[in-house]
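Please look through the sequence and the model below before reading on, and keep both in view as you follow the paragraphs.

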Amino acid sequence: MTALTASKGLPRLGLPPGVSRHTGLLAVLLLVGAFTALRSEAFLTGPNLLNVSQQIAVVAVLAAGLTLLMAAGGIDFSLGAIAAVAHGVTAQLVVAGVNEWTAAGLALALGAAIGLVNGLVVTYLRVAPFVATLATSTVLGGAALLIIDGKSISIGDALMPLGFGEVLGAVPALVVVAIAVCVAAGLILRWTAFGRNAFAIGGNEQAARLAGIPVARTKLLLYTLGGLLAGLGGVMLVARLGAASPGTGGLHLELTVVAAVVIGGTALHGGSGTIVGTALGVVLLGVVANAINLLQINSHFQDVALGTVLLVAAVINHLRGTPR
């Protein structure tokens with residue numbers, strides 16, 4: 001963020017007119033898909049595409065919440081850890097005999113409460129969002145492992161309708177949930193006063209305050225909403241796998257989520273962003289990860305590719321300015 005702020009003094013070179021960010025992302029996505037399809041016959045098969053869509057569903061839910069927050073100039077690096085806590089709590093409650101949907105609801109409430117705490121620390125204690133949420137992430141990461149005692153906890157088919165159910169006999173329920181969340185977030189961001197307030201705060205917080213926008217309340221709601229959606233992501237994870245385990249809870253997912261949002265065009269300093277762009281970023285990262293797996297490329301290359309794509313997206317963000 002500091003680097004981007006410092007870059008304001010540099011001239012903006014601009015990209016060719018008429019080439020929107022979404023068009024560019026779609027072109028890159030098609031190129032990666034075409035290349036992978038040529039190198040692997042398994043890529044375009046139904047089971048593989050179904051698997052990819054279910055894998056990116058959780059990232060899409062977390063990224064939708066982060067897009068709203070980043071539009072207002074905020075950031076939350078604890079979303080993956082919140083999801084990990086939610087997935088562990090859900091599993092433990094189900095094993096303890098609590099109704100599975102009640103357990104899921106409690107996990108969502110816990111996620112929202114953690115998001116609220118993040119918002120209070122950032123808004124009223126004025127701790128930098130990066131520092132506050134990174135510290136929260138560290139705490140929650142340890143708590144998530146303690147909750148499940150570092151073991152795998154099976155919940156059987158308790159949340160099967162969510163994890164394995166289908167809508168209209170073909171579309172996975174997890175994907176339907178992700179699409180519904182993204183559509184709702186897009187409508188909030190573009191067609192409500194709350195969304196316009198978020199953009200205004202991200203564009204110039206002081207000016208937004210002078211204009212009468214409830215800055216603190218808006219930020220609190222955004223952090224709370226982000227936590228709620230992270231909790232939902234945790235429930236989706238445990239539903240899909242039928243178990244909670246140390247390696248499946250969403251820990252370290254935050255970098256992928258941030259990368260997807262930034263690649264989608266949301267500025268790190270706020271004031272711009274679209275859910276459509278975020279969705280394209282999520283799909284692109286999912287396809288790249290799938291390609292690395294299918295082409296049997298060293299898995300560590302995924303981190304290299306993720307960092308590289310994030311860097312390129314940040315540079316493009318500077319070159320194009322901050323479209324709204």
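Which residues form a nonpolar patch on the surface? Val167, Leu168, Val171 and Val176 do so, with about 340 Å² of accessible area together. This is a predicted model, in which local features need pLDDT of at least 70 and side-chain atom pairs count only at pLDDT 80 or more, while totals for chains, interfaces and linings use all residues. Residues are numbered from 1 along each chain as its sequence is written, and side-chain values use heavy atoms, with hydrogens and water left out.

Turn now to helix α2, which covers residues 21-39 and, with 19 residues, reaches 27 Å from its first C-alpha to its last, close to the 27 Å expected at 1.5 Å a residue. In α2, the residues Arg21, Leu25, Leu29, Gly33 and Thr36 are buried. Seen down the axis of α2, these buried residues fall within an arc of 100°, so they line one face of the helix. An α-helix has 3.6 residues a turn, so residues three or four places apart point the same way. On the other side of α2, Leu30, Leu31 and Leu38 are exposed.

Finally, an unreviewed UniProt entry lists several stretches as "transmembrane region", including residues 101-121 and 220-243. Over residues 101-121 the chain is 100% helix and 0% strand, with its end C-alpha atoms 30 Å apart, whereas over residues 220-243 the values are 92% helix, 4% strand and 32 Å.

Methods. Patches are made of residues with over 30% relative accessible area and no salt bridge: like charges are joined within 9 Å, nonpolar side chains (Val, Leu, Ile, Met, Phe, Trp, Tyr) within 5 Å. Accessible areas come from the Shrake-Rupley method with a 1.4 Å probe; for residues, only the protein chains shown count as cover. A salt bridge is a side-chain nitrogen of Lys or Arg within 4 Å of a carboxyl oxygen of Asp or Glu. Helices (H or I, at least four residues) and strands (E, at least two) are DSSP runs, numbered from the N terminus. The expected span of a helix is 1.5 Å times one less than its number of residues. Buried means under 20% relative accessible area, exposed over 50%, partly exposed in between (1.4 Å probe, protein chains only). The arc is that of the directions from the helix axis to the C-beta atoms. UniProt positions are given in the numbering used here, feature names are shortened, and annotations may be inferred rather than shown by experiment.
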